[in-house]
Amino acid sequence: MLLYRSAAWFAKGLREYTKSGYESASKDFDPDDLEVQVPGRAFMVTGGNSGIGKATAMEIAKRGGTVHLVCRDPSRAEGARAEIMEESGNQNIFLHIVDLSVPKSIWKFVENFKQEHTLNVLITVSSGGMLVQKLNTDDLQSERTAFDGTMVYAQNKRQQVVLTERWAQAHPAIHFSCMHPGWVDTPGVRLSMPGFHARMGARLRSEAQGADTVLWLALAPAATAQPSGCFFQDRKPAPTHLPLARTSSSPAEEEKLVEILEELARRFK
């Protein structure tokens with residue numbers, strides 16, 4: 001089944017996730033959707049020092065938004081912050097150094113942030129890679145199987161999509177969305193998937209193209225007219241499962257994921 005999922009996903013990706021896929025989809029975009037200014041609104045961007053995150057932060061800053069960059073590497077983050085401030089002319093760019101792989105550091109950061117700042121939009125990006133994975137709550141730490149970074153990444157993104165749906169149900173006053181940016185030429189892809197990057201080459205999307213739907217969801221009034229909890233691709237809600245791939249999860253499986261994460265949160269307070 002995994003072989004079928006991977007093959008179907010790759011075929012879908014060649015049609016939809018590449019630069020040509022973006023160019024085709026963008027013919028239906030309303031260019032006025034992103035002609036907005038957002039002074040006084042605060043946005044948090046994780047991984048904002050490079051790639052899609054940096055492109056997103058830059059465009060929000062150019063529109064007058066207050067941007068909180070959450071990064072791990074201080075030197076790279078400081079350089080990105082300086083570049084964003086210089087190019088956008090926006091001085092309301094704040095930097096937070098947090099190691100997102102350490103739960104206790106995340107908890108401490110969140111508690112401190114709440115005391116000092118307000119936030120309107122938190123940006124978290126998912127991936128169409130999750131289409132090759134079924135939700136698995138029995139081996140979250142890859143303790144029972146050999147570690148496969150690509151599959152662990154896809155599993156994490158599947159969890160993110162499931163949680164977005166669950167959070168939308170539990171918190172109707174907040175609008176939740178997640179999205180797939182397509183196959184994008186970023187430093188992360190070049191480093192973690194060099195073979196894929198070399199094969200795809202010029203067919204990969206630019207960072208700006210990858211950031212387009214992120215920005216649309218974060219900024220455009222038209223996005224909030226969509227139902228909360230959806231998974232988006234190129235400004236449109238997209239299916240969260242491949243045909244015949246058997247990746248749907250039961251309510252009990254999804255509830256188990258929520259319970260595990262809530263228990264972990266209690267442990268790391």
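User: What pLDDT does the protein average?

Analyst: The model is a predicted one, and pLDDT is the predictor's confidence in each residue, from 0 to 100. Of the residues, 99% score at least 70. The average pLDDT of the protein is 94.

User: In which helix is confidence lowest?

Analyst: Confidence is highest in helix H2 (residues 19-25), at a mean of 98. At the other end stands a helix with a mean of 88. That element, where confidence is lowest, is helix H11 (residues 251-267).

User: What length does helix H4 reach from its first C-alpha to its last?

Analyst: Helix H4 spans residues 74-88 and has 15 residues. At 1.5 Å a residue, the expected value is 21 Å. The helix is close to this expectation, reaching 21 Å.

User: Why do the buried residues of H4 lie on the same side of the helix?

Analyst: The buried residues of H4 are Ala77, Ala80, Ile84, Met85 and Ser88. An α-helix has 3.6 residues a turn, so residues three or four places apart point the same way.

User: Which residue with a positive phi follows H4?

Analyst: H4 covers residues 74-88. The residue that follows H4 has a phi near 75°. This residue is glycine 89.

User: Is threonine 164 buried or exposed?

Analyst: Threonine 164 is found in helix H6 (residues 149-170). Leaving aside neighbours within four places in sequence, threonine 164 is in contact with Phe176, Ser177, Cys178 and Gly229. Because its relative accessibility is 5% and the limit is under 20%, threonine 164 counts as buried.

User: How far apart in space are threonine 164 and phenylalanine 176, C-alpha to C-alpha?

Analyst: In sequence, threonine 164 and phenylalanine 176 are twelve residues apart. Phe176 is one of the residues in contact with threonine 164. From C-alpha to C-alpha, the separation is 6.2 Å.

User: Which residue of S7 stands opposite glutamine 233?

Analyst: Glutamine 233 in S6 also stands opposite histidine 180. Phe231 and Gln233 point one way from S6, while Cys230 and Phe232 point the other way, and all are buried. In S7, the residue opposite glutamine 233 is lysine 236.

User: With which residue does the side chain of arginine 190 make a polar contact of 2.6 Å?

Analyst: Arginine 190 is in helix H7 (residues 187-192) and is partly exposed, with a relative accessible area of 38%. Not counting residues up to four places away in sequence, arginine 190 touches Asp185 and His197. The polar contact of 2.6 Å joins its side chain to that of aspartate 185.

Definitions and conventions:
Residues numbered from 1 in each chain as written. Predicted model: local features only at pLDDT ≥ 70, side-chain atom pairs only at ≥ 80, totals over all residues. Heavy atoms only, no water. Helix = DSSP H or I, 4+ residues; strand = E, 2+ residues; numbered from the N terminus. Buried < 20%, exposed > 50% of the residue type's maximum accessible area, 1.4 Å probe, protein only. Contact = heavy atoms within 4.5 Å. Polar contact = N/O pair within 3.5 Å; in protein donor to acceptor, adjacent residues only side chain to side chain. Expected span 1.5 Å × (residues − 1). Pairing = 2+ DSSP bridges.
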